[in-house]
Amino acid sequence: MRVFLRRIGIYAFTAWVTVTVNFILPRLMPGNPIEQLIGKLQGRVTPQEIEAIKLQYGQGLNQPIVVQYYHYLDQLVHGNLGVSISAGGPVSGILSSHVWYTIGLIGVSAMVSFLIGTALGVIFGWTRGSRADSLIPVATFLQSTPYYFLGLVFVMIFASRLHWFPLMGAYAPGLTPGFHWDFISSALRYGQLPLLSIVLSSLAGWLLGMRNMMVTIIGEDFVLMAVAKGLPRRRVIWHAARNAVLPSIANLALTIGLLVSGSLLVEQAFNYPGVGILLLNAVGNLDYPLLQGIFLLITFTVLSANFLADTLYYVLDPRTRTAKAH
Amino acid sequence: MTTHDHVLDVKNFSVNYGFGPSSVRAVTDVSFTLGTSRVLGVAGESGSGKSTLVYGLTRLLRAPGVITGGDVTFYVPEGDAARPFDVLAASEQDLRTIRWSHISIVLQSALSALNPLRRIGREFDEVLRTHEKAMSKSQRAQRSVELLELVGLDADRLDRFPHELSGGQRQRVMIAMALALTPELVIMDEPTTALDVVTQREIVSELYELRKKLGFAMIFITHDLSLLVELADEIMVMYAGHIVERAPAVELYRSPRHPYTLGLMNSFPPLHGERHEMTGIPGSPPDLKALPTGCPFHPRCPNAMDICRQQVPPLSSIDESSRLVACWLHEPSVGATVPVELSKKSGSSAGVGQ
Amino acid sequence: MRSLQLPKSPKVIVGLVLLGIFVVLTIIGPWIAPYNPNAVNFIPNLTPSWQHWLGTTLLGQDVLSQLLVGCRETMVVGFIAGIAATIISVVVGLAAGYIGGRTDEGLSLLSNVFLAIPGLPLLIVINSYLPSGEQANPLIIGLVISLTGWAWGARVLRAQTMSLRERDFVEAARIIGESRWRIMFSEIGPNLLPILAASLLFTILYSVGVFTTLAFLGLTSLSTWNWGTMLYWAQTNNAALANEWWWVAPPGIAIALVGTSLALINFGIDEFINPRLRAGGMTARQRRKVGVARRPRLGFTPVRRDAGLVASRRATEGGAR
């Protein structure tokens, strides 16, 4: 239990660090980015908006930094992420209209690639030495391919040659978003290629990791015991797989981070209107409020996913529950 | 003995590692018979082929092991008689019918011999559920408790995970699990090697009592001959995949005939008794890929003669008894003088076995 | 120290050869490039031909030259960032694993934080705050990459150090009175080499990936060439939609190949660390040659009565010495 509480503590601490980093960065960078930004924006936005930005970043105010920090945290807790410069409107509003596409894409692709990759890894690990082994270099190649590159390749293949999938956007133009079947089915259709790009590239990683672990675990005595006990083959594989999957879950932190980052880029390749596109536009426009908001959103999502993964690991591996440190 | 009294018949059993020209002979032409409720000890250094032999017999040998010859017949009791079961010709399905219900194994008590993710109780439950379809859940639970009592463990151990038990407790759990279906044959692969000396003795004497009570036959693999003296009826000493000596336990201990056996015995001081100088065996076990010519032991043998370097000694009986030795020293045709330590009289032949 | 064995596995050899090719290209790339990658005086959008092996871009530039020249920046930044990150992870991991106690707690907390915060968004954010002159400086980018990529290696090395710490030879050194730092670096250090090598390769892979990704997003200097920048230009000119595969494919495949070579070498290291992963039995092709039908199954040792003949003949004839 202590171990569990420690993990919660670490995540809380990390969340706090993230928030603070977000606060400190613009104030820390050489060359004072805020002044540069304000300089760039002269004439493009109203003076009130400039005042708002200054307020948000504590420019031109002689408030001590601690007070500014307090204001910042206060705003954050109330869900106020500031006002977007490029889009003109509250950041939280903009985010909420785009976030669902990304969550859908990432959520589904993560689950699909984990399940398929792990299952294939079990098969490859168990049937080691068979003809399937020649597919391993292919999997290695796929794993090293950047997600967005696969996205581009798919766009090429399906743009010019085969017109099976829609190429851009999240739903057919002309439809209005909402909970009706027209929209949902369109969204599903449009999501297929981005999903495929992410899944193909990340699946290989799961596959290879799981396969190596299966091979290691199969060499352990308890698997031989399971066979010696006369258990049916399925049960033996199940026992081995359950043990072999643990490191994959332990590594979920890293993998989820990579998956999220990669997905953002796939959105770029497909012009899929999720958070990824927002992020890139924000960077291009130096829209700091939006940028910060997205950063916080992404980081908190990844942290939550990691937390869930940690909990899952804690539940699955009884060895973590004794007080012994790892 | 009538066929009914045997549990295992092994004839000319051989095992290789690998296929084709680069393969290595790990076990050569081993034959023996194991009677019901008898204990066979298999002794030798690491690499002697003892584990390969025993795992091969049950076809649990991992790749790249290949069985290259021989016959292995296990006798499955059916009412008053016994049905012979050809292990080498059996299919996977057939093997599953005799595994654990008739032949079980106990491995070293390393943490990895038990599934680290499962509670002990679940392991027992699974084994019982797989083989005894008729038992209900509560019956299985009851039986698990009984089995733990057999080995002197509390019922609360059933709720524990393997890493929560001590080495000795884990070993007892493995023994209890091996006896769950009252098999006719239990194979023990160095079950006490990872334990401290005191626990070793405890477990060995517990095994002795269990065998008397339940009547299973045992094959006990070890490199420590002293453990086998009290427990085994017969001991087989192996070197480089060959049997070099086979004799009833007490006779072997009192009057070893093969120089390797003598060396093995001198490597382990007994817990009690007088102290004497430790000699051990010079050199190291041979590389199976490049076995010496003739007798595989000759490079390390203090009594090596010319013929030992040239020809492999046959395994032949001596003293017109059931003892077997593969050594030119004891072949009458060679006419060698047998050194004193290898020609002691064995004492009365009554009391052989237990 | 175990002696170095030359890798026998074909996977590793392919990986090393592939990596070697790219290292060579890094050095001689700009020399052997047929044209100036910036030159726009060629006919645009040509498919591969004898004058332009990989065709030309929308702007009339030679793709092959861009690829060859771009190799250097991609590889150099990736490798340096990877090596820098690994150095940090060694120091942190060794110290945390060996010294333990408060040091360990503090360093572990630090690595956990860095590990949990996703690298790319953080990099994008940090990058956007940099003054525009500095933004595209590959050195700064490399530095920032290494600051976000060390946590993984540190965790792995810490775990390994902790298990090595308990071993006898370390205890012996402690008793003799060796200083802490000496123990860390000359006793434990050498035994960490295999894991360190694997971690280094993985980190380099990560750095190359992140750097090319940032370049793809247009966040690195657009006046120098690297593979990610090539993809940036391709994307902003909608090359994928126009199916200009000779422009889109080469840089991406090059990135993938570098990654693959690193991963293959890592396989070899994995097999060295973990003997169970070594090819214990035979491959399918070898089995077919010898005439064995199926791969051996666990718990079903095969019986081949003819397979023993060769070996037994050798034994009776008196050994192979």
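Two residues are in contact if their C-beta atoms, placed from the backbone, lie within 7 Å. On that basis, among contacts in chain A between residues at least 6 apart in sequence, 75% join residues at least 24 apart. The model is a predicted one. Chain A contains 14 helices and two strands, and 44% of its 326 residues count as buried.

The mean pLDDT of chain A is 79, with 80% of its residues at 70 or more. Among the elements of this chain, helix α10 (residues 233-244) of chain A has the highest mean pLDDT (92), while helix α2 (residues 33-41) of chain A has the lowest (67). Where pLDDT is low, the predicted coordinates should not be read in detail.

## Chains A and C

Between chains A and C, 55 residues of chain A are in contact with 50 residues of chain C.

In chain C, helix α8 (residues 168-176) is hardly covered, since the count of buried residues among its nine residues is zero. Just after α8(C), C:G177 adopts a positive phi of about 110°.

## The sheet of chain B

Chain B holds an open sheet of eight strands with mixed pairing, in the order β6-β7-β8-β3-β9-β10-β12-β11. Its edge strands are β6 (103-106) and β11 (316-317) of chain B, each of which pairs on one side only. Strands of a sheet pair through backbone hydrogen bonds, either parallel or antiparallel.

Strand β8 (residues 217-222) of chain B has six of its six residues buried. B:A217, B:I219 and B:I221 point one way from β8(B), whereas B:M218, B:F220 and B:T222 point the other way. This arrangement may be set beside a general rule: in a regular strand the side chains alternate between the two faces of the sheet.

The partners of β8(B) can be described in turn. Strand β3 (residues 39-43) of chain B pairs with β8(B) in the parallel sense over five bridges, and B:V42 stands opposite B:I221. Strand β7 (residues 185-189) of chain B also pairs with β8(B) in the parallel sense over five bridges, and here B:M188 stands opposite B:F220. A right-handed β-α-β unit is made by β7(B), helix α6 (residues 197-214) of chain B and β8(B).

Strands β9 (residues 234-239) and β10 (residues 242-248) of chain B pair in the antiparallel sense over six bridges. B:Y239 faces B:H242 across this pair. The loop between β9 and β10 of chain B contains B:A240, whose phi is near 50°, a positive value in a residue other than glycine. B:A240 counts as buried because it has 25 C-beta neighbours inside 10 Å, the cut-off being 20 or more.

B:N12, in strand β1 (residues 6-17) of chain B, likewise has a positive phi near 50°. B:N12 counts as exposed because it has 11 C-beta neighbours inside 10 Å, where the limit is 12 or fewer. Elsewhere, a cis peptide bond with omega of about 5° joins B:A63 and B:P64. B:P64 is found in the loop between α1 (50-57) and β4 (65-78) of chain B.

## Domains of chain B

Chain B is divided into domain 1 (110-182) and domain 2 (240-342). The C-alpha centres of these two domains of chain B lie 41 Å apart.

Conventions:
Residues numbered from 1 in each chain as written. Chains lettered and ligands numbered in written order. Helix = DSSP H or I, 4+ residues; strand = E, 2+ residues; numbered from the N terminus. Pairing = 2+ DSSP bridges. Right-handed = clockwise from strand over helix to strand, strands pointing away. pLDDT = per-residue confidence, 0-100. Domains from an automatic or database assignment.
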